[in-house]
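Thanks for asking me to look at this one. Here are my notes, as numbered points you can read alongside the model.

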Amino acid sequence: MISGSSLVARAAPLLACLGLLAIWQVGSLAMNNESVPTALEALRAVPSIMGDKESLINILASLRRMAIGFGIAVLLSIPLGLLMGRNRFVASFFNPLLMVTYPVPKAALMPIIMLWIGVGDLSKTLVIFLGVSLPVIYHSFEGAKAVEEKMLWSGAAMGMSAAERMVRIVLPAALPEILTGCRTGLVLALITMVTSEMIARQSGAGNILFNALDMGQYDTVFAMIIVIGAMGICFDALFEMLRARLVRWSEPQFDMPLSFS
Amino acid sequence: MTARAVTADIVLGLVPLALLVALWQGLVSFGYAPATLLPPPGLVFMRLARQLTTFTFQQEVAATLFRLFTGFSIAVVLGVGIGLAAAASAPVNAIVRPVVRVLAPLPKVALYPALLLLLGFGHESKIVLVAADALFPILLSTYYGASTVEQKLIWSALAAGTSPRAVLFKVVLPAAAPSILTGCRIGLVISCIVVFLAEMITSTDGLGHVLVTAARTFQAVDMFVPLITISLLGLVLNGLLQALRAHLLRGFPEV
């Protein structure tokens, strides 16, 4: 049974979307600038993009790269972060390396990586992988560091091996924090995907966006912005639902993504 | 931790960095990578040192820094302001929360073409993009910090006759400072990254533009120089903010 107030709370983001679109509509009408279409015109152009076979293939290819890059990054980063959180030597081994690579703009590596391994899927996936890894490692690290020692001692006293303690105690205890990292990583994956395609300009969603800009098809530009923005919002909402299911036991967390590091 | 353990940690931490440089040098020296694709590290750093003293390169750095700081300052003012307002007033909160929920996960770079159309190819579009990207971490951590201020502190201040407005600035703002500064640190690094990317996508000056020009002419050495410069800038600014934080938060319990 959904109460009235929670219904409002659920509908609020939707209302916010409508509100923002309304502001856009009014603003563009007021500006009367030829290169800025109204929200309605842009929305009307969305089906034509999604219906076009070539751009659909491009967008799906982008999403595939993003999924692969994100998946590999998460699979490698969580164990590394957990190990760093539980073992001081591993932590002091990797921490300076991560600190130095943290402010490097990952998508800016694109031109250099392109020189080495070409413009193909591999270079773009690699860049996404690099972008996602750092926040996931960092949050797994923080989560594993905060695990209560007593639980680990109890586990050891019950005869669990170190590996077992890692999987059955540290992993679940750090899960809320890990998922925060994954959520940040997911948004970053999308950002890196779009940026790398804007820089490499060969295929994908970012490329459609800038090609349309070059050719002066302004309603396509804005429609593509709506498509990419909607992807970001949908991924975040879906991940939030997944998170709520996985860590229902943890304290009700802040419902907005806190860190975008 | 003893001083000795700290030194051991630092030494251990330098190992992967040294390995990385050694691997880089090794790849070049043993001919796995041609020097045109991967210039040796010595060459890159010498080039960097030489470039940093030339006027044209300094101008590019200045253009980047100007956009970076203007955008970041706008983000700090708006982020702290909106964050505090959302924590202090229920009606503002009711509007800000869902809007932020929608806008925060939106990839801001996708807005860049729209900003180009609206504001042109100059400083403005890049500054707005930087501000938009840095805004949300600052806003969210301000909001989070301000809404978790201990209620007793506020009650005490009110009971002592402080006006609600003064409470906001004298109690809530300082109490939220650690969280706000954490947000600013994240926002600052994001600003560095975003300004560079925006300059790479379309620009006529700035560090990102230097990288793109080098890439067009396949000058690998010149591609590494701006990339290392922006990363160093990020590290230095991050360190400065850390020092500022330590100064501002002296006397706070361990944060």
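1. A word on terms before we start: a residue is called buried if 20 or more other C-beta atoms lie within 10 Å of its own, and exposed if 12 or fewer do. Please also keep in mind that this is a predicted model. With that in hand, look at H10(B), whose buried residues are Ala220(B), Met223(B), Phe224(B), Val225(B), Pro226(B), Leu227(B), Thr229(B), Ile230(B), Ser231(B), Gly234(B) and Leu237(B).

2. What do the buried residues of H10(B) pack against? Within chain B their partners are helix H2 (41–52), helix H3 (55–88), H8 and H9, and from chain A they meet helix H5 (110–117). The length of H10(B) also checks out: its 29 residues should span 42 Å at 1.5 Å a residue, and this agrees with the 42 Å between its end C-alpha atoms.

3. On to the contact between the chains, to which chain A gives 52 residues and chain B gives 49. On the chain B side, the elements that give two or more residues are helix H1 (3–29), helix H4 (90–103), helix H5 (112–119), helix H6 (123–147), helix H8 (164–201), helix H9 (207–216) and helix H10 (220–248). H8(B) gives the most to that side, with 9 residues. By class, the side of chain B that touches chain A has 41 nonpolar, 5 polar and 3 charged residues.

4. Leaving aside residues up to four places away in sequence, Leu197(B) touches Pro105(A), Ala107(A), Ala108(A) and Thr195(A) from chain A, along with Val109(B) and Gly208(B) from chain B.

5. Do have a look at how H8(B) sits against H3(B). The axes of the two helices are 8 Å apart and meet at an angle of about 145°, and H3(B) passes H8(B) in a right-handed crossing. Among the residues making the contact are Gly71(B), Phe72(B), Ala75(B) and Gly79(B) of H3(B), and Ile180(B), Gly183(B), Cys184(B) and Gly187(B) of H8(B). Counted by class, the contact of H3(B) with H8(B) has 15 nonpolar, 6 polar and 2 charged residues.

6. Two loop residues in chain B deserve a glance. Thr204(B) lies in the loop between H8 and H9. Is Thr204(B) buried or exposed? Thr204(B) counts as exposed because it has 9 C-beta neighbours inside 10 Å. Thr204(B) and Glu60(B) are 144 residues apart in sequence, yet their C-alpha atoms are 9.7 Å apart in space.

7. The other is Phe218(B), found in the loop between H9 and H10 of chain B. Phe218(B) is exposed, since 12 other C-beta atoms lie within 10 Å. Its backbone is worth checking too: phi of Phe218(B) is near 55°, a positive value in a residue other than glycine.

8. Finally, chain A as a whole. Chain A has 10 helices and 0 strands, and its C-alpha trace spans about 70 × 60 × 30 Å along its principal axes. Of the 261 residues in chain A, 41% are buried. How much of the contact in chain A with a separation of 6 or more comes from residues 24 or more positions apart? Such residues account for 75% of those contacts.

Notes: Residues numbered from 1 in each chain as written. Chains lettered and ligands numbered in written order. Predicted model: local features only at pLDDT ≥ 70, side-chain atom pairs only at ≥ 80, totals over all residues. Contact = placed C-beta atoms within 7 Å. Helix = DSSP H or I, 4+ residues; strand = E, 2+ residues; numbered from the N terminus. Nonpolar A, V, L, I, M, F, W, Y, C, P; charged D, E, K, R; others polar. Expected span 1.5 Å × (residues − 1). Axes fitted to C-alpha atoms, helices over the stretch in contact; angles between N-to-C directions. Left-handed = near helix turned anticlockwise from the far one by under 90°.
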